[in-house]
Amino acid sequence: MNNDPPSIVGIDLGTTHSVVAHVDESGRSHPIRNSEGETMTPSAVLVEDDGAVVGRDAIKAAQIMPNQVARDLKREMGNDPWSRSFGGTNYPPLLIQSLLLARLRCDAEAELGRAVPQAVIAVPACFDEPKRRATIDAALLAGLKVKSIVNEPTAAAIAVAWDRARHQTGDLTSLMYDLGGGMFDTSIVRFQENAIRVMATGGNAMLGGLDWDKCIARWLDAEFSLQQNVRPSESTAGDAFLLRESEEIKHALSSRKRAGVRLAWEGRVLKTEIARERFDEFTAHLLDRTRFIVRRLLNDTGLTWAGIDTIMLGGGSTRMPQVAQMLHRESGIEPDSSAVTGESVAQGAAIYAAMLNSRADNTPEVLHQTNLSVTDVNAHSLGVLGADKQTSSRCNHIMIPRNTALPAAHTTCYETIRDGQRSVAFEIIEGGDARGKHSTRIGRCVIDKLPPGLPAGTPVDVEIRYNTDTIVEVKASLRATGHHAHVRLERASAMTGEMWSNLRELFFSLDPNSQGECSAD
Ligand code: ADP
Ligand code: MG
């Protein structure tokens, strides 16, 4: 590695593919090629006793050792740690993501010829707070400091805006619609001369191309059973086989109206075909879910389709003709599939990273000239779980409604109930209905070490805040004196020191470039 100053990159850590990008001295963003010469690295990790293999080789290995290859783990980020078993050992999804990030970092260092200690990472707009924090932790484990988290549709919008700044001006309101391998994300974005303003955002972290594959897999399994009296889905290897073949059939149906099926399982041959119309029919309920989310966005912004100028498609699953057809039927607008490419999210994250850096100090001259301001919103409401005064049933006191411009803060006043009370505690939740059902538990907030001798009814102001990364922060003060009170946020998904050291140990035993050293020279 040479002595150039360290670099900052943008990362799209996708369910299916990951991309890393950077901004050069002339202010242009470029995706970085990995050691196989490709800009997209498959998000797959082969876990073996002597180390992990990331990317294309892991995908290849999945055919012969499906139990040892971790894929699609992005969906499980922030869930119970140690929840997935590979090759007989349980690994946390966070560790697998960190191995992916370490590979991306090493590839970037090799290509740029300098250290890459920092990144802006794009995450789905619909990612809840624990998933965002788990992503930051995964990066830390991979030796990357996260300068900021940016929402994927916003990153795509930044890449588009950066390009527009060179060619055209004029305001534009767009619907960004990104259907990837595992997740769906959508935003309504207002492009102005030097600003991007996200008006509303939403999505589903459990809805993506994989679910379309599963529909075909179920159909294939039933056809096998009907024609050949065998059910491949009864074994893990058979399941992996069905999903692999289903994805191929799905891809074929994007360019052709019918796809022929010739498959063999345990020596039994299935011969059939499927028409695109049939596929569209049995996946209609999935597409409908995206339609409802888009409608809710319009509702939230108070816009009708007349207020939307363009629809920009992103994500591999938008290659299914059913997507553009549905959006066209809804809106009368012909969706644009050329503005956002497979690399746009990473490039937008890289531009955002360079912008943040240039505000702080040096870096490309051109970034000073184009002063793009970016305002994002939160996909989920942030609330405090309380009791209804009249009915005493549980209720969700919403502090920051969804689609509020970030950063956002809300201050509530709590009163102590007893004389001499030294602490106040409450639960913070994200999303959920009026009673807090279907919410994500952020954790228990404890304001303690209050001075002794306070009378009952002493007001304590509590400020709950989302920063621009949509991470929760809490501050408290005694109203009478304005003095800060001590706050502890006991996060539901927090990792203990022991968990961290176990993770580190595992990471170093699996990372091919152990101790974070890359092979760049
Ligand atoms: P992610 O951002 O989640 O990593 P991508 O944007 O790379 O995902 O999209 C991956 C998804 O796109 C996969 O489910 C894949 O099957 C699907 N996909 C890619 N090409 C096509 C195609 N031609 N037709 C239909 N689906 C496709
Ligand atoms: Mg994506």
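Reader: Which elements are included in what covers the buried residues of α9?

Author: Please bear in mind that this is a predicted model. In helix α9, residues 321–331, the buried positions are Pro321, Gln322, Val323, Met326, Leu327 and Ser331. Their cover includes the helices α5 (209–228), α6 (236–255), α7 (276–282) and α8 (284–301), together with the strands β12 (172–179) and β17 (310–314).

Reader: Where is asparagine 403, and is it buried or exposed?

Author: Asparagine 403 belongs to the loop between β20 and β21. Its phi is near 65 degrees, again a positive value in a residue other than glycine. With a relative accessibility of 15%, asparagine 403 counts as buried because buried means under 20%.

Reader: Which peptide bond is cis, with omega near 0 degrees?

Author: The bond from leucine 406 to proline 407 is cis. Proline 407 is placed in the loop between β20 (394–400) and β21 (408–415).

Reader: Which residues does aspartate 376 touch, leaving out those up to four places away in sequence?

Author: Aspartate 376 touches Asn151, Thr154, Val198, Thr404, Ala405 and Leu406. The aspartate lies in the loop between β18 (373–375) and β19 (382–387), and its relative accessible area of 10% makes it buried. Its C-alpha atom is 7.6 Å from that of methionine 199, although the two residues are 177 residues apart along the chain.

Reader: Is serine 98 buried or exposed?

Author: Serine 98 is buried, with a relative accessible area of 0%. It lies in helix α2, residues 93–112. Beyond residues up to four places away in sequence, serine 98 touches Ala138, Leu141, Ala142 and Phe507.

Reader: How is the chain divided into domains?

Author: Domain 1 comprises 8–167 + 338–376 + 500–510, and domain 2 comprises 382–489. The contact takes 10 residues from domain 1 and 12 residues from domain 2. The centres of the two domains, taken over C-alpha atoms, are 33 Å apart.

Reader: What radius of gyration does the chain have, and what would a compact globule have?

Author: For 521 residues, a compact globule would have a radius of gyration near 24 Å, and the 25 Å of the chain agrees with this. Along the principal axes, the C-alpha atoms fill a box of roughly 80 × 60 × 55 Å. The secondary structure comprises 12 helices and 26 strands, and 53% of the 521 residues are buried. Among contacts with a separation of 6 or more, 66% join residues 24 or more positions apart.

Reader: How many positive and negative side chains does the chain have?

Author: There are 56 positive and 66 negative side chains, and the centres of the two sets lie 5 Å apart. As for the surface, the chain exposes about 23300 Å², with carbon and sulfur atoms supplying 46% of it.

Definitions and conventions:
Residues are numbered from 1 along each chain as its sequence is written. Chains are lettered from A and ligands numbered from 1 in the order in which they are written. This is a predicted model: local features need pLDDT of at least 70, side-chain atom pairs count only at pLDDT 80 or more; totals for chains, interfaces and linings use all residues. Side-chain values use heavy atoms; hydrogens and water are left out. Helices (H or I, at least four residues) and strands (E, at least two) are DSSP runs, numbered from the N terminus. The radius of gyration is taken over C-alpha atoms; the globule rule is 2.2 Å times the number of residues to the power 0.38. Buried means under 20% relative accessible area, exposed over 50%, partly exposed in between (1.4 Å probe, protein chains only). Contact means heavy atoms within 4.5 Å. Accessible areas come from the Shrake-Rupley method with a 1.4 Å probe; for residues, only the protein chains shown count as cover. Lys and Arg count as positive and Asp and Glu as negative; His and the chain ends are not counted. The place of a charge is taken as NZ of Lys, CZ of Arg, CG of Asp or CD of Glu. Domain bounds come from an automatic or database domain assignment.
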